[in-house]
Amino acid sequence: MPTLNISDLIAPMVATHQSGINQTLQWRLHQLDTLMLMITEREDDFVDALFKDLRKERTESIYCELLLVRHEIRRFQRDLKKWMKPQNVSYPGAIFPSFCEVHSVPLSEPGCLIIAPFNYPVCISLLPIIGAFGGGNPCVLKPSELCPAVSSLFSELVPKYFEKGALQIVEGGVEETSKLLEQHRGLIHFTGSERVGRIVQEMAAKTLSPTILELGGKTPTIIAQDCPDDMTVVCNRVIAGKLMNCGQTCIAPDFVLCHKSKLEEFCTESIAAIDRLCRKDQKDSLSELPSIVSESHAKRHLKLIQEIEKHDFSKVLYGGSDKCDVQQRFITPTLILDPPMESHVMTEEIFGPILPIIPFETDEEAIQLINKIYGTPLALYVFTKSQTRYETFMSKIPSGSAMRNETLLQFIIPDFPFGGLGTSGIGSYQGKASFDAFTHKRSSLYHPCHAAFEYGGLRYHPHGKGIKGKTLILLIRILPNFPTLSLIQYVLIMLIMAFVAFHGLQGFLSQVANLFEAFAYLLRQISSSP
């Protein structure tokens, strides 16, 4: 791997900023078109790389990785021109007339740094890049070293499709990432663990680089006393959400709180759902269960299961350590009933195919149990027939997002900002939220410089204790905010004001009445024409 030269890396990105070309709609759409071309032409290569790294089967690779990227690109291609338009804002009446706008401009030089995770190495690499391009920002992508096939593919393709002033790839591990973090960035977008997120945030603070941190946490799933009647559907949704990408999903159900009246049925149907979705023998070549990303991660999951087995083997309802194969990065789906709250499956984010199930009797008990667990969950899932009960859980359990009677789907809703709260993340992205995250909101005001708009110098010192100061305060208090209008609209208003001042209000109203009468006459003539 070549030595990382930061100066050579950032020089073309700085040149892009200084040229101003990245401020244009054309440059941004060109990068998005190029990205679409790359993933379309090389779709099979991305699917093959995902299988090598994570054993993801083709369909899951396409709909969970590539299609999400395509849909996001299309959204930006459709709406970017509208999003880029300056937004008019109102202003205090005391400074009439003014023109006040908010411009969405690219972030600071040299560009953005995207530090991608291993679990969705294509999708979560490219989604923030789409937002960065939409905002007019060159990017450096640091793919996860835990997915060498995907990382190598990015390193091969990006130089063929993109100019260095738009997108570059840096492969490597901790050393390379640390060097990248030593330089100021317009924005650092990091997806990964809370532990590493803290390190990224600390290093970003040294260069005053803003960050978006997409972290994780222990996402609770509540099976309420009044959960939907079809437990097969409930368990299909919970288990499918848990086993997507073999549990290596930041918004996957981390543990289940199940009302005691539903416990037996939920456990039985969950076992059936695993067999149905992943086959009874998940090692079978026909099973579509992906692999754990690395042997070291598989060892960690094995230890989580073994800790429970040593405490009480009967708590393992399904799966178990004897069915796992660390060398093959295979961890069998495992259901654990009522583990000790101090066990590691209840104190750490699991991030694998292990699902603890904890019984509860009252909603308040479930709420207290969740809120006692360290951290703020990235998501909250509640299975209930009652919207009121769902809203109660939402109001008392903070989380990055929430869903009723579903799991995972928030990530595919184009208008949902995706992001955490507290320990589960800082900031959000996707769709319009990505455009906003990757642009600076620059305020701009124009106030015509003419003595007529000085209003007798009311705002200038000295104010004294007489009528001048009192008049200024009165005007600020009573005048409403005015909308920002176009120059033509302002001229029209000024003409109307001048007419009223010269002819009086009665004369003005008389002229308005004459205009309406003339307009009505014209309409009658048009309607009576043969």
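**Note on the sheets of the predicted model**

1. Leu-380 stands opposite Ala-402 in β15. The strand β14 (residues 379–383) runs parallel to β15, and four bridges join them. Strands here are DSSP runs of E with at least two residues, and helices are runs of H or I with at least four residues, both numbered from the N terminus; two strands pair if DSSP finds at least two bridges between them.

2. This is a predicted model, in which local features need pLDDT of at least 70, side-chain atom pairs count only at pLDDT 80 or more, and totals for chains, interfaces and linings use all residues. Residues are numbered from 1 along each chain as its sequence is written, and side-chain values use heavy atoms, with hydrogens and water left out.

3. The order β11-β12-β13-β10-β9-β14-β15 describes an open sheet of seven strands with mixed pairing. At its edges lie β11 (316–318) and β15 (401–404), each pairing on one side only. On average, neighbouring strands of this sheet are turned by 20 degrees against each other, direction ignored.

4. Helix α9 (residues 231–243) packs on this sheet, touching β9 (220–223), β10 (255–259), β12 (334–337), β13 (354–360) and β14. Contact means heavy atoms within 4.5 Å. The direction of α9 makes about 135 degrees with that of β13; axes are lines fitted to C-alpha atoms, for helices over the stretch in contact, and angles run from 0 to 180 degrees between N-to-C directions. Helix α13 (residues 363–372) lies across β9, β10 and β13, at about 140 degrees to β13.

5. A further open sheet has three strands in the order β1-β3-β19, with antiparallel pairing. Its edge strands are β1 (87–88) and β19 (439–446). Two bridges join β1 to β3 (residues 99–106), and Gln-87 stands opposite Val-102 in β3.
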